Amino acid sequence: ARDDTEAREKFLDIMAVEAARMRRLIDDLLSLTRIEMNEHVPPQTRIQLENVVREVAAALAPLARSDHIAIEVSGNTDLPPVVGDRDELIQLFQNLIHNAIKYGRENGHIWISFGRTGDGQVFATVRDDGEGIAPSAVPRLTERFYRVDVKRSREKGGTGLGLAIVKHIVSRHQGRLQIESRQGEGSSFTVLLPPAPAEYGPKAELI
């Protein structure tokens with residue numbers, strides 16, 4: 001296509017898209033490797049989970065608006081801190097909220113809520129009103145490179161590693177990840193973390 005201007009521009013566009021996809025894949029692989037290396041090293045900082053969630057939601061709000069998706073954040077504002085790694089928790093909720101934007105319904109909604117469970121766990125839930133996920137696929141969502149819809153994932157820039165990263169971050173924080181979905185009704189992803197012990201040393205990081 002060297003002497004065909006139209007074809008050359010088309011091939012250059014394809015190369016740019018594929019190069020960007022490879023860069024995202026490499027970044028996610030490096031991130032996952034780093035998280036796995038530290039998975040058995042407990043975090044050391046007291047974090048207000050609500051602040052992390054609100055910060056990430058605000059940062060991704062312009063992206064949601066570009067797809068005409070409204071983000072609504074609500075919940076208990078008097079939550080105890082958790083012991084965590086701030087950067088990893090930000091990455092965790094970036095992945096969950098970004099997924100909700102990518103796979104949610106255009107002109108739809110994303111609901112983000114936080115609070116405490118009956119047994120005292122601190123939780124944050126990201127729920128969308130998208131197409132939902134088949135029950136048979138739900139248990140496999142956190143597997144590396146697993147995609148429910150490969151074509152759509154590639155079109156949306158997915159690497160198939162986002163939820164694997166989420167799973168390992170949750171594991172390092174001694175928490176749990178709950179996934180609920182119904183086809184045609186959307187999906188919800190809930191992260192549950194233990195509250196920081198009252199006698200825990202470091203002061204809460206206010207962000």
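Buried means under 20% relative accessible area, exposed means over 50%, and partly exposed lies in between. These legends apply those words to a predicted model.

**Figure 1. The fold of the protein chain.**
The protein chain holds five helices and eight strands. Follow the sequence and the pattern reads α-β-α-β-β-α-β-β-α-α-β-β-β. The chain has 207 residues, and buried residues make up 43% of them.

**Figure 2. A nonpolar patch is made by F11, L12, I14 and M15.**
These residues form a nonpolar surface patch of about 400 Å². F11 sits in helix α1, which covers residues 5-37. Is F11 buried, partly exposed or exposed? Its relative accessibility is 45%, so F11 counts as partly exposed.

**Figure 3. L29 and I165 pair up across the sequence.**
L29 belongs to helix α1. Its relative accessible area is 32%, so L29 is partly exposed. How far apart are L29 and I165 in space? Their C-alpha atoms are 9.1 Å apart, while 136 residues separate them in sequence.

D67 lies in the loop between α2 (49-66) and β2 (70-75). With a relative accessible area of 28%, D67 is partly exposed.

**Figure 4. A salt bridge joins R172 and D85.**
How many salt bridges does the model have? The count comes to eight. In one of them, the side chains of R172 and D85 meet, with 3.3 Å from N to O. R172 lies in helix α5 (residues 162-172), and D85 lies in the loop between β3 (82-84) and α3 (86-103), so the pair ties together parts that are 87 residues apart in sequence. R172 has 9% relative accessibility, so this residue counts as buried. D85 has a relative accessible area of 25%, so D85 is partly exposed.

**Figure 5. A salt bridge joins R105 and D129.**
Here the side chains of R105 and D129 meet, with 2.6 Å from N to O. Which parts of the chain does the pair tie together? R105 lies in the loop between α3 and β4 (109-116). D129 lies in the loop between β5 (122-128) and α4 (150-155). The pair therefore links parts that are 24 residues apart in sequence. R105 counts as partly exposed because its relative accessibility is 41%. D129 counts as buried because its relative accessibility is 14%.

**Figure 6. E55, R86 and D87 form a salt-bridge network.**
Salt bridges that share partners join E55, R86 and D87 into one network. One of these bridges links D87 with R86, and the closest N and O atoms are 4.0 Å apart. Is D87 buried or exposed? D87 has a relative accessible area of 56%, so D87 is exposed. R86 has 24% relative accessibility, so R86 counts as partly exposed.

**Figure 7. N107 has a positive phi.**
Most residues other than glycine have a negative phi. N107 is not a glycine, yet its phi is positive, at about 65 degrees. Where is N107? The residue is in the loop between α3 and β4.

**Figure 8. Q174 also has a positive phi.**
Q174 is a residue other than glycine, and its phi is near 55 degrees. Q174 is found in the loop between α5 and β6 (176-182). Its relative accessibility is 64%, so Q174 counts as exposed.

**Figure 9. The second largest pocket has twelve lining residues.**
About 180 Å³ of space lies in this pocket. Which residues lie nearest its centre? They are P43, V83, H173, Q174 and P194. Q174 is the residue from the previous view, with its positive phi.

Methods. Residues are numbered from 1 along each chain as its sequence is written. This is a predicted model: local features need pLDDT of at least 70, side-chain atom pairs count only at pLDDT 80 or more; totals for chains, interfaces and linings use all residues. Side-chain values use heavy atoms; hydrogens and water are left out. Patches are made of residues with over 30% relative accessible area and no salt bridge: like charges are joined within 9 Å, nonpolar side chains (Val, Leu, Ile, Met, Phe, Trp, Tyr) within 5 Å. Accessible areas come from the Shrake-Rupley method with a 1.4 Å probe; for residues, only the protein chains shown count as cover. Helices (H or I, at least four residues) and strands (E, at least two) are DSSP runs, numbered from the N terminus. Buried means under 20% relative accessible area, exposed over 50%, partly exposed in between (1.4 Å probe, protein chains only). On a 1 Å grid over the protein atoms alone, a cavity is a set of points where a 1.4 Å probe fits but cannot get out, and a pocket is an open set with protein on both sides within 12 Å along at least five of seven lines; lining residues have an atom within 4 Å of a point. Grid points are joined across faces, edges and corners, and a volume is the space filled by probe spheres set on the points.
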